[in-house]
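Please walk through this protein by way of its side-chain contacts. The paragraphs below go from charged pairs to aromatic rings and then to cavities.

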Amino acid sequence: MPYCLNDIKNNFNEEKIKDLIKQYQPPFWVYDANIIYKKIKLLQEFDVIRFAQKSCSNIHILRLMKNKNVKVDAVSLGEIQRALLSGFKHNTNDIVFTADILDDKTLSQVVNFNIPVNAGSLDMLEQLGKASSGHNVWLRINPGFGYGHSKKTNTGGENSKHGIWDPLLAIPIIKKYQLKLIGLHMHIGSGVNYIHLKKVCKSMIENVIKLNQKISSISAGGGLPIPYKFNEKPINIKKYFILWDLARKEISKFLGKKIELEIEPGRFLVAESGILISQVWSVKKMGNKNFVLVDVGFNDLMRPAMYGSYHHISVISGDNRNIDEKKTIKTVIAGPLCESGDIFTQKEGGTIQTRLLPIIKKGDYLIFHDTGAYGASMSSNYNTRPLIPEILLKNDNVMLIRRRQKIEEILSLEI
């Protein structure tokens with residue numbers, strides 16, 4: 001949920017942000033470690049919390065997770081290396097590699113470091129079996145249905161590429177190569193609908209019974225939402241846990257052994273911990289529409305352009321005038337890219353929306369809230385724009401955890 005800038009009890013207050021603006025030239029990302037710690041604490045009833053690092057993969061964020069005994073999920077060779085560099089151990093359950101394919105380099109590292117694999121395809125299982133007999137594996141099951149806040153975040157059903165449709169077909173491959181099946185994983189998409197959640201829990205129970213394998217864990221996957229608007233309610237974690245715990249107990253009873261319950265949050269742990277600070281460089285009328293242009297684009301914050309996602313936007317004056325929150329104007333917030341779709345106020349599908357915001361002037365600062373997840377981690381160099389800095393607030397310390405990229409560093413790859 002967005003934080004009010006006039007609330008001095010949190011790190012994202014106007015005075016603190018102004019100090020950061022003086023110290024670091026916008027644009028830049030800011031994270032608050034204390035918010036991450038609070039979110040971790042909310043999930044303590046689960047046996048294993050496994051951070052989906054794709055949501056925010058900076059190694060300093062990963063180290064925060066490691067310090068709180070959170071394990072990590074990796075979905076690429078690069079993410080495996082990030083996890084190892086951050087202190088997560090190989091030859092343990094610290095890292096699980098989740099994917100639907102295995103290229104040769106990733107396969108080699110997975111085998112050499114003995115990293116458990118959450119397999120999303122039969123071909124992947126076959127590859128792994130040939131290369132590493134006896135390897136620990138999970139099966140990612142597609143239950144035949146999905147759910148998500150966007151079609152692009154729906155990870156179940158026949159329109160999704162993720163998971164194994166008929167897990168019974170995986171058993172002969174597992175036996176052929178003496179792979180060790182340690183768990184079943186099921187994730188249908190981002191966002192929680194309790195009707196769908198009950199279906200997922202039921203499907204997990206049915207698949208365990210159908211497969212009848214001596215697994216030791218089940219994973220509830222990720223997708224836990226956060227409230228991006230002030231009037232949205234946070235997810236009921238207790239209710240979420242109870243539904244999965246009931247499923248776990250039924251599975252434990254069937255298998256005659258205690259089963260560990262994992263959860264794999266990404267957004268839930270980090271989204272609310274982050275803000276994006278930008279500066280206004282132009283204000284102009286386009287017909288009847290009022291456009292405000294800032295120095296960040298969808299190369300920095302992709303979610304609005306890709307999913308039509310909402311992020312609350314706050315204004316800080318650049319000339320020390322008082323911002324009148326009651327006097328608002330319909331405003332379109334746009335970035336600097338050479339793209340008509342470089343708009344932060346739009347619906348999924350590209351329909352431009354206006355946002356009621358105070359009167360904004362050139363030189364003011366716009367704060368995009370709840371950008372700790374899928375913000376910096378989805379950034380690109382589109383339009384040959386350098387990646388912007390990341391700042392971490394940890395207690396009273398301010399740390400630069402990623403410096404601003406130089407244009408020369410981008411070009412050096414091509415010279």
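Helices here are DSSP runs of H or I with at least four residues, and they are numbered from the N terminus. Helix α6 in this sense covers residues 122–131, and L122 belongs to this helix. The model is a predicted one. L122 is partly exposed because its relative accessibility is 28%, a value between the limits of 20% for buried and 50% for exposed. L122 can also be placed against L168: the two are 46 residues apart in sequence, and their C-alpha atoms are 10 Å apart in space.

Charged contacts come next. Side chains of opposite charge can pair when their charged atoms come close. How many salt bridges does the structure hold? The count is 13. One of them joins the side chains of E262 and R50, with a distance of 2.9 Å from N to O. This pair links distant parts of the chain, since E262 is in strand β9 (residues 260–263) and R50 is in strand β2 (residues 48–52), 212 residues apart. Are the two partners buried or exposed? E262 counts as buried because its relative accessibility is 2%, and R50 is likewise buried because its relative accessible area is 1%. Both values fall under the cut-off of 20%.

A salt bridge also forms between K71 and D94, where the closest N and O atoms are 3.6 Å apart. K71 is part of strand β3 (residues 71–74), while D94 sits in the loop between α4 (77–85) and β4 (95–99), so this contact ties together parts that are 23 residues apart in sequence. Both K71 and D94 are buried.

The side chains of E390 and R402 make a further salt bridge, at 3.3 Å from N to O. Because E390 lies in strand β16 (residues 390–394) and R402 in strand β17 (residues 397–402), the pair ties together parts that are 12 residues apart in sequence. Which side of the 20% limit does each partner fall on? E390 has a relative accessible area of 4% and is therefore buried, whereas R402 is partly exposed because its relative accessibility is 21%.

Salt bridges can also be followed through a network. In this structure, D47, D245, R248 and K249 are linked in this way.

A pair of aromatic rings is described by the distance of the centres and the angle of the planes. The whole structure contains 6 aromatic pairs. In one of these, the ring centres of F46 and Y240 are 6.4 Å apart and the planes stand at 55°, so the pair is tilted. F46 is in the loop between α2 (33–42) and β2, and Y240 is in helix α9 (residues 237–255), so that distant parts of the chain, 194 residues apart, are linked. F46 and Y240 are both buried.

F46 pairs with F241 as well, and here the arrangement is edge-to-face, with 5.1 Å from centre to centre and 85° between the planes. Since F46 lies in the loop between α2 and β2 and F241 in helix α9, this pair ties together parts that are 195 residues apart in sequence. F241 is buried, as is F46. Taken together, ring pairs link F46, Y240 and F241 into a cluster.

Charges and rings also meet directly. K39 lies over the face of F268, at 3.9 Å from the ring centre. Likewise, the charged end of K229 sits over the ring of Y310, 4.7 Å from the centre of that ring.

The structure holds 2 cavities of 30 Å³ or more. The second largest cavity has a volume of about 30 Å³. Which residues line the second largest cavity? The lining consists of R50, V96, T98, N118, W138, H185, S219, E262 and E264. R50 and E262 in this list are also the partners of the 2.9 Å salt bridge.

One annotated position remains. An unreviewed UniProt entry lists C338 under "active site". C338 is located in the loop between β13 (328–334) and β14 (355–358). C338 counts as exposed because its relative accessibility is 67%, which is over the 50% limit.

Conventions. Residues numbered from 1 in each chain as written. Predicted model: local features only at pLDDT ≥ 70, side-chain atom pairs only at ≥ 80, totals over all residues. Heavy atoms only, no water. Salt bridge = Lys/Arg side-chain N within 4 Å of Asp/Glu carboxyl O. Helix = DSSP H or I, 4+ residues; strand = E, 2+ residues; numbered from the N terminus. Buried < 20%, exposed > 50% of the residue type's maximum accessible area, 1.4 Å probe, protein only. UniProt positions renumbered as here; feature names shortened; annotations may be inferred. Phe/Tyr/Trp six-rings, centres within 6.5 Å; stacked < 30°, edge-to-face > 60°. Lys NZ or Arg CZ within 6 Å of the ring centre and 35° of its normal. 1 Å grid on protein atoms, 1.4 Å probe; cavity = no way out; pocket = protein on both sides within 12 Å on 5 of 7 lines; lining within 4 Å. Points joined across faces, edges and corners; volume = space filled by probe spheres on them.
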